[in-house]
Amino acid sequence: MAELRTEEMILNMGPQHPSTHGVLRLVLTLNGEIVEEVKPVLGYLHRCFEKHAEAMTYPQVIPYTDRMDYLNAMSNELAYVLAVEKLLGIEVPERVEYIRVIMAELQRIASHLVAIGTYGNDSGAMTPFLYCFMDREKVLELFEIVCGARMLYNYIWVGGLSHDITPEFITKTKELVKYLRPRMKMINNLLSYNKIFIERTAKIGILPPEVAINAGVSGPTLRGSGVKYDLRKSDPYSIYNKFDFDICVGTGERGVVGDCWNRYIVRAYEIEQSLRIIEQAIDSIPEGDVQSAVPKRVKPVAGESYVRTESPKGELGYYIISDGSLNPYRVKARSPSFCNISVINQISRGHMIADVVMILGSFDIVLGCIDR
Amino acid sequence: MEINEIYNKLKSVFGEGIGELKTDLPVRPFFFADASKIDAVALFLRDEESMQFDNLSCLSGVDYDKDNLAVVYHLCSYALGHQLVVKCLVPKSDPKIKSVSDVWAAAEWHEREAFDLVGMIFEGNPDLRRILLPEDWEGHPLRKDYKVPEFYNGMKIPY
């Protein structure tokens, strides 16, 4: 029998591919079904928002930050606004801080529900996707009550908020907390502990903790590797130090620490922690005016600030340089997805093509955040 | 470790390679390091027992002033919990700086981004290509003197 001809094959995954969660292109070098190398090609959604920001006043940049990670606009606004407030040196009323934390945690729930739902979808489970989006819609309805927008809010302002919350928002939030707990139990039974799902995700794409820290991986992706690091506790900002919650890490309950399943389950568990924070915050919101500290004109002195926050995807940082004028001199966004995706080559080598889909999904990337 | 201790230790090892410590508020204290020695400084910061800066939180390229670009390193230690800001000035006439991608893997893509948008050359980066803009794009948008080209590959740019 003649010898079989074997050679490496280059396969393009994306930019138009449902499992890349946007317009990401992965160039795979294959040896049969086995992946030898993954080369991500970024930039299909690049808008250079950092350049736009230099031509605007500080408050005008906020809607642009919304569009960075569009599934998670509140956290983006919060990070940017905290950095500007640090430059200005203003203190915001306690009522504002409470509402900001509630919004950020509601947004974390919405973002994690998308992550869980789409990850199920990636692995071929359509039903959890529909359940998750139904529940996420309930969270978005709350945002709609407060500021009228479902996804891109421009809600958190420098020094305050665009609207105060209403009694309707408070009752509906309490209802949501009650509603979501049994729903999460159901989703866990349906997907997280489903044998087929575990077979697809356990022991796939193992990311060792020291590699993760060195590569700047953060958020649930880092905690999936067993590193107990959450900026809300490790480097607290806003008023997170007032609330009682746990840092969820991957424990190897199924599979091994650092694999896809452990990265995934951290998100499912974090929803419960966010609910706990909301429960504690919603009953103790102090009275006050949410716009009392909003400056008429945002004109910080020359200087710079760097603020890191724990967004649902990971460590979101804003580095702002001011030259004392009305426009920022430089705005740099440190996006969590950008750093997280950079380890994909390292942990995908030696796996099958179908596993690359699962590894990519376990990072919970948003291309608006990567490409900025 | 406090910033003063870190600074004094670095100063005693690297001498001239480390500039003056600047502590004017509201900026977090920082110092300039020599662009040609930054790889050694980075390795020291990561491996020295009392510092252990195991994580590069952010690397930003900045068009700093008329003659210089700057690279700003925001470092963080997961092990010890302290943070540090180091800056490097890179002259616009010869924008070369040593890469720290051997020390922190996170730097590789951040350096590519800084090269792409601000245009400094990181010597030693294993894969220094454009990352966000198309490969055949001309110029570096985050330079202050950047002019948006009228056409790209024959297509009109509407801004």
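The model is a predicted one, in which local features need pLDDT of at least 70 and side-chain atom pairs count only at pLDDT 80 or more, whereas totals for chains, interfaces and linings use all residues. Residues are numbered from 1 along each chain as its sequence is written, and chains are lettered from A and ligands numbered from 1 in the order in which they are written.

Helix α14(A) comprises residues 353-362, and eight of these 10 residues are buried, so the helix is largely enclosed by the rest of the structure; a residue counts as buried if 20 or more other C-beta atoms lie within 10 Å of its own, as exposed if 12 or fewer do, and as partly exposed in between, with C-beta atoms placed from the backbone. The buried positions are A:D355, A:V356, A:V357, A:M358, A:I359, A:L360, A:G361 and A:S362. Just after α14(A), A:D364 adopts a positive phi of about 55°.

The axes of α4(A) and α14(A) come within 10 Å and cross at roughly 180°, axes being lines fitted to C-alpha atoms, for helices over the stretch in contact, and angles running from 0 to 180 degrees between N-to-C directions. That crossing makes α4(A) roughly antiparallel to α14(A), given that angles under 35 degrees count as roughly parallel, over 145 as roughly antiparallel, 65 to 115 as roughly perpendicular and the rest as oblique. From α4(A), A:T118, A:Y119 and A:D122 meet A:V357, A:M358, A:G361 and A:S362 of α14(A). This contact of α4(A) with α14(A) has three nonpolar, three polar and one charged residues; Ala, Val, Leu, Ile, Met, Phe, Trp, Tyr, Cys and Pro count as nonpolar, Asp, Glu, Lys and Arg as charged, and the others, Gly among them, as polar.

By class, the residues of the contact of α5(A) with α6(A) divide into 13 nonpolar, two polar and five charged.

Chain A also contains an open sheet of three strands in the order β6-β7-β8, with antiparallel pairing; two strands pair if DSSP finds at least two bridges between them. Strands β6 and β8 of chain A stand at the edges with a single partner strand each, so one side of each is left without a neighbour in the sheet. From one strand to the next, the twist averages 10°. Six bridges pair β7(A) with β8(A) in the antiparallel sense, and A:A333 in β8(A) is the bridge partner of A:Y318. Helix α3(A) packs on the sheet, touching β6 and β7 of chain A, and its direction makes about 150° with that of β6(A).

Between the chains, 30 residues of chain A are in contact with 22 residues of chain B. At least two residues of the side of chain A that touches chain B are supplied by each of α1 (49-54), α3 (73-88), α8 (209-214), β6 (303-311), β7 (314-322), β8 (328-334) and α12 (336-341) of chain A, and β6(A) gives the most, with five residues. This side of chain A has 11 nonpolar, nine polar and 10 charged residues.

The secondary structure of chain B comes to three helices and nine strands, and of its 159 residues 40% count as buried. Strand β4 (residues 68-76) of chain B is mostly covered, with eight of its nine residues buried. Eight bridges join β4(B) to strand β3 (residues 55-63) of chain B in an antiparallel arrangement, B:L69 being the bridge partner of B:D63, and a hairpin connects β3(B) to β4(B) through four residues. Nine bridges join β4(B) to strand β5 (residues 83-91) of chain B, again running antiparallel, and B:V86 in β5(B) is the bridge partner of B:Y73. The hairpin of β4(B) and β5(B) has six residues between the strands, and within it B:G81 takes a positive phi near 80°.

Terms used: Two residues are in contact if their C-beta atoms, placed from the backbone, lie within 7 Å.
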